Amino acid sequence: MDTVMKVKNICKTYITNKTQNNVLTNVNFDLNNGEFIAVMGPSGSGKSTLLYTISGMDRMTAGKVEFSGRDVSNFKDNELADLRLNDMGFVFQQMHMLRNLSILDNILVSAYNSKNGRTKEQRKKIKETAIALMKKLDIIDIADHDITEVSGGELQRACICRALINNPKVLFADEPTGALNSKSAKEVMRQFNQINQLGTTILLVTHDVKVAAKTNKVLYMEDGNIQGEYELGRFTDESTSKERERMLTSWLMDRGW
Ligand SMILES: Nc1ncnc2c1ncn2[C@@H]1O[C@H](COP(=O)(O)OP(=O)(O)OP(=O)(O)O)[C@@H](O)[C@H]1O
C-alpha cells in the first residue's frame with residue numbers, strides 16, 4: 001500500500017509559565033493511501049495536537065513529516081498554507097462558517113481564494129464541483145440558506161463539502177460529530193465512509209466508540225504517544241456496527257480507557 005504520510009519521531013513541547021509540557025514524545029506512524037484512521041485516547045493525551053502538528057497547522061518541536069514523499073517539516077508558512085489548501089481538507093467540531101454568506105458561498109469562498117480559483121473558467125468548475133458535492137451529501141436544497149437556517153447535521157455536511165472542494169489527498173477531522181445528535185453523527189460517518197471508499201484518506205480524532213468503530217483502524221494515544229493500534233478492517237455493513245463497537249470497547253478497556 002502507498003504511504004501518503006510518514007510521521008517520524010514527532011515531538012511537541014509547550015512552554016507555559018516556564019513549565020515545559022511534553023505533549024507529543026517521539027510519535028511514529030504511517031498513514032497509508034486509502035486508510036480511514038481514528039485516533040482515540042484520554043483527554044489531554046495529545047490527540048488534537050497530533051492532528052494539528054502533522055497537518056502543518058501548528059509547528060512541531062522536533063521530528064519529521066513526509067507528505068507524498070516530500071519532507072514538509074521545514075516548509076515555510078506559505079508553503080504549508082498551500083499544502084493545506086491543495087492537498088488537505090479539515091473538518092472540526094465547531095463549524096467555522098461565515099454568517100453573512102449562504103451555505104454554497106461558504107463552501108466556495110476558500111477555493112475561490114486559492115490559486116486555482118482566479119479565472120472565471122476555474123471558478124465555474126469549482127462551483128460545479130460544489131454543487132455535485134452538495135447533491136452527494138444531500139444538502140443541495142439548502143444551498144441558498146443562511147447558516148442560521150439549517151440543522152447542525154446539515155451544517156456539518158456543508159463543512160465536509162467545503163473540506164472536499166479541492167479534492168484533498170487527506171481529510172483531517174477533529175471530533176467531527178462531537179456537536180451532533182446521534183442520527184446526524186451516523187449520517188456524517190456514512191458520508192465519511194463513502195468519501196473514503198472513493199479514495200480520500202481520512203484521519204479523525206474522536207472520543208466516540210460508535211464513530212471509531214466505523215473506521216478501518218484505531219490508534220490509541222496515551223501520554224503523548226501511540227500505545228497501541230487496532231485493525232478493524234473496512235466498514236461495509238451497518239449490521240456489523242454493534243459487534244465492531246463491542247470488540248473495540250473491549251480492546252480499549254484493556255488499555256485502561
Ligand atoms: N496551545 C497550547 N498551549 C499550551 N498547551 C497546550 C496547547 N494546546 C494543547 N495544550 C496542552 O497539550 C495537552 C494535550 O492537548 P490536546 O488538546 O492535544 O489533547 P487531546 O487528547 O486532544 O484532549 P481532549 O480529548 O480533551 O480534546 C494538554 O495538556 C493541553 O493543555
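Tutor: Let's settle the labels before anything else: a helix is a DSSP run of H or I at least four residues long, a strand is a run of E of at least two, and both are numbered from the N terminus. Keep in mind too that this is a predicted model.

With those labels, our spot is the loop between β7 (170-174) and α6 (182-197), where you'll find Glu175. Have a look at its backbone: Glu175 isn't a glycine, yet its phi is positive, about 45°.

Asn9 sits in a strand, β1. Asn9 is partly exposed, because 13 other C-beta atoms lie within 10 Å.

β1 takes us on to the ligand. β1 (3-16), β2 (19-32) and α1 (47-54) each give at least two residues to the shell around the ligand. The largest share comes from α1, with 3 residues. Among the residues surrounding the ligand are Tyr14, Thr16, Asn21, Val23, Lys47, Ser48 and Thr49. Gly41, Ser43, Gly44, Ser45 and Gly46 are also part of that shell. By type, the shell has 9 polar residues, 2 nonpolar ones and 1 charged one.

Next comes strand β3, residues 36-40. The rest of the structure largely encloses β3, because 4 of its 5 residues are buried. β3 pairs in the parallel sense with β8 (residues 201-205) over 4 bridges, and in that pairing Ala38 stands opposite Leu204. β3 also runs parallel to β9 (residues 217-222), again joined by 4 bridges; there, Ile37 has Lys217 as its bridge partner.

One more loop to finish, the one between β6 (88-92) and α3 (103-113), which holds Leu101. Leu101 is partly exposed, because 14 other C-beta atoms lie within 10 Å. Setting aside neighbours within four places in sequence, Leu101 is in contact with Asn106 and Val109.

Technical notes:
Residues are numbered from 1 along each chain as its sequence is written. This is a predicted model: local features need pLDDT of at least 70, side-chain atom pairs count only at pLDDT 80 or more; totals for chains, interfaces and linings use all residues. A residue is near a molecule or strand if its C-beta atom, placed from the backbone, lies within 6 Å of it. Ala, Val, Leu, Ile, Met, Phe, Trp, Tyr, Cys and Pro count as nonpolar, Asp, Glu, Lys and Arg as charged, and the others, Gly among them, as polar. A residue is buried if 20 or more other C-beta atoms lie within 10 Å of its own, exposed if 12 or fewer, and partly exposed in between; C-beta atoms are placed from the backbone. Two strands pair if DSSP finds at least two bridges between them. Two residues are in contact if their C-beta atoms, placed from the backbone, lie within 7 Å.
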